[in-house]
Amino acid sequence: MDQFTLNLIFVGATFAIYIGIAVWARAGNTAEFYAAGRGVHPVANGMATAADWMSAASFISMAGIIAMAPTGGYTQSAFLMGWTGGYVLLAMLLAPYLRKFGKFTVPQFIGDRFYSNGARLLAVVCLIVISITYVIGQMRGVGVTFSRFLEVSTDMGLYIGAAIVFVYAVFGGMKGITYTQVAQYVVLIIAYTIPALFISLHLTGNPIPQLGLIGSYAPGGNEVSLLAKLDQVVTELGFTAYTADTSNRLNMFLFTLSLMIGTAGLPHVIIRFFTVPKVADARSSAGWALVFIALLYTVAPAVGAMARLNLTTTMWPAAITAPATSGPAIARADIDSKPELSWIRTWEATGLLDIQDKNGDGMIQYYNDKAPADHPITKLAAEQGWKGNELVKVDNDMMVLANPEIAALPGWVIALVAAGALAAALSTAAGLLLAISSAISHDLIKGSIKPDLSEKDELAIARIAMTFAIIVATWLGLNPPGFAAQVVALAFGLAAATIFPALMMGIFFKSINREGAMTGMLVGLVFTAVYIFVYKGWFFIPGTNNLPDTADHYVFGISPLSIGAVGALVNFIVAFVVSSFTARPPQHIQDLVESIRIPKGAGAATHH
């Protein structure tokens, strides 16, 4: 059976399951649409939360960024540390307290806690900005996956993905999304780990990727470790050692912190804890989610390292058992004729991989043509008449998807990875779109404009809002401002600077009033968004950036991906200063904060 047919079978079967679940679990009222009727079991909610949180950035892009980072894989491990640490922060500091408060949405908590409809509306604005930014990365992931495995254009991939999300998100609401995400988690974790098992067994003799990463390199006779072999190969070619330390500790620290507190402020993840029956279940589901997340996140470093090594040894076949340049580079004629190299031709067709024989010698020299003049590879390039690196482009978002093909794994594994990538992207997209629609229908329309809105009309408006959000997200996904993980990191920065401080102060600081919270959120949002737009383009429109998006133009070396941590600090400072010069919150609000923080003896979680 040919690869295209296998892809259709695997992707089509999983899509049929998702749509079937959505039909079965169709929401009949607002409680089911917003919070799945508050009847989701903690284990199921943990699995759904893991799928909701592990997006296209986690599945498709994260390992690719770690693999191909010009500064080495260690620096990009901040993605792993920040996202995982942030989930622990969310589970310990926010989830149980928000569930005890018992409302449907994050803006509703902020509006009630800070006794202000204006605070609620400001939270709606922040939520929509965060969610729209985040969903761009998911749509890019959908487009990249479809463009390769269903042999359609990236734009058409976006349209197909949007149609699928429309069916199970618009009709199913949180109830349909929750049980769909359980199925999607199963698909994505199997799709991520099975190729890793095969590749680890081949490269290290150990089928457990986590152990293979620190094990020996089997093709070299087990005389050197996998990471030492990878360092040797990439440094021979003029690249930074894969395990090299970071050159900017401040930026790495702020980036990790931004991802961490951004995770704890993500609205679409927080609302998952409103779906369980009890406060204790919120903690339990958070624990289960962390277990399910760890199954992928402990494998990702191995996937990145092994993908980079496999790619490099493909381009320099001698590197498997000897120095990379001790033999010839891969020949263009072999790429065009050998079946085992057909993946190169396929990915070239997508535009995510670009190879150019610049010196016309029939070979494809992959090396760092910006290496120092005294580096051996630079001298060799001068002697051989190389005209520059001929592996011109390797898109980070293709590495995980191409990994099974590079390793020559069976066709069914390749098809499984396609299904898993789509599951990851679509599961998070659905959660984000629900967060957007609930903010518009429940917090904006019913909460501010028309409080007497009937449940039937509110449900209709929620579905209309989600439809509109899908259209906007698809349009933005056609021109994303970066790789999937980079775009997602921007959303985390915005969440870190706006939602997280408001939630933390709302739960743990009785003295923070509405004036302080609103001013803090507004300043945090404007400060962070402006810094991002200066480098990434205003509202992510290409060509509108004021400064080049390069490290030498960053303020104190702080990248747009890291600025969220600074924005959060600004938010906290402004909120405390403003609150200290204005009236304290009413006594009933202070009593409410006190009751939320007490685990026992303060009554059951409240209901909408």
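What volume does the second largest pocket have? In this predicted model, the volume of the second largest pocket is about 420 Å³, a volume being the space filled by probe spheres set on grid points joined across faces, edges and corners. A pocket is an open set of points on a 1 Å grid over the protein atoms alone, where a 1.4 Å probe fits, with protein on both sides within 12 Å along at least five of seven lines; lining residues have an atom within 4 Å of a point.

The lining of the second largest pocket comprises 19 residues, and N310, T313, T314, I320 and I406 lie nearest its centre. At least two lining residues come from each of α10 (173-204) and α16 (300-315), helices being DSSP runs of H or I with at least four residues and strands runs of E with at least two, numbered from the N terminus. The largest share, four residues, is supplied by α16. By class, twelve residues of this lining are nonpolar, four polar and three charged; Ala, Val, Leu, Ile, Met, Phe, Trp, Tyr, Cys and Pro count as nonpolar, Asp, Glu, Lys and Arg as charged, and the others, Gly among them, as polar.

The largest pocket holds about 1400 Å³ of space. It is lined by 45 residues, with M68, A69, P70, T71 and Q76 closest to its centre. Strand β4 (391-394) and helices α4 (56-68), α5 (73-76) and α13 (249-263) each contribute at least two lining residues; β4 gives the largest share, four residues. This lining contains 20 nonpolar, 17 polar and eight charged residues.

Residues are numbered from 1 along each chain as its sequence is written. Local features need pLDDT of at least 70 and side-chain atom pairs count only at pLDDT 80 or more, whereas totals for chains, interfaces and linings use all residues; side-chain values use heavy atoms, with hydrogens and water left out.
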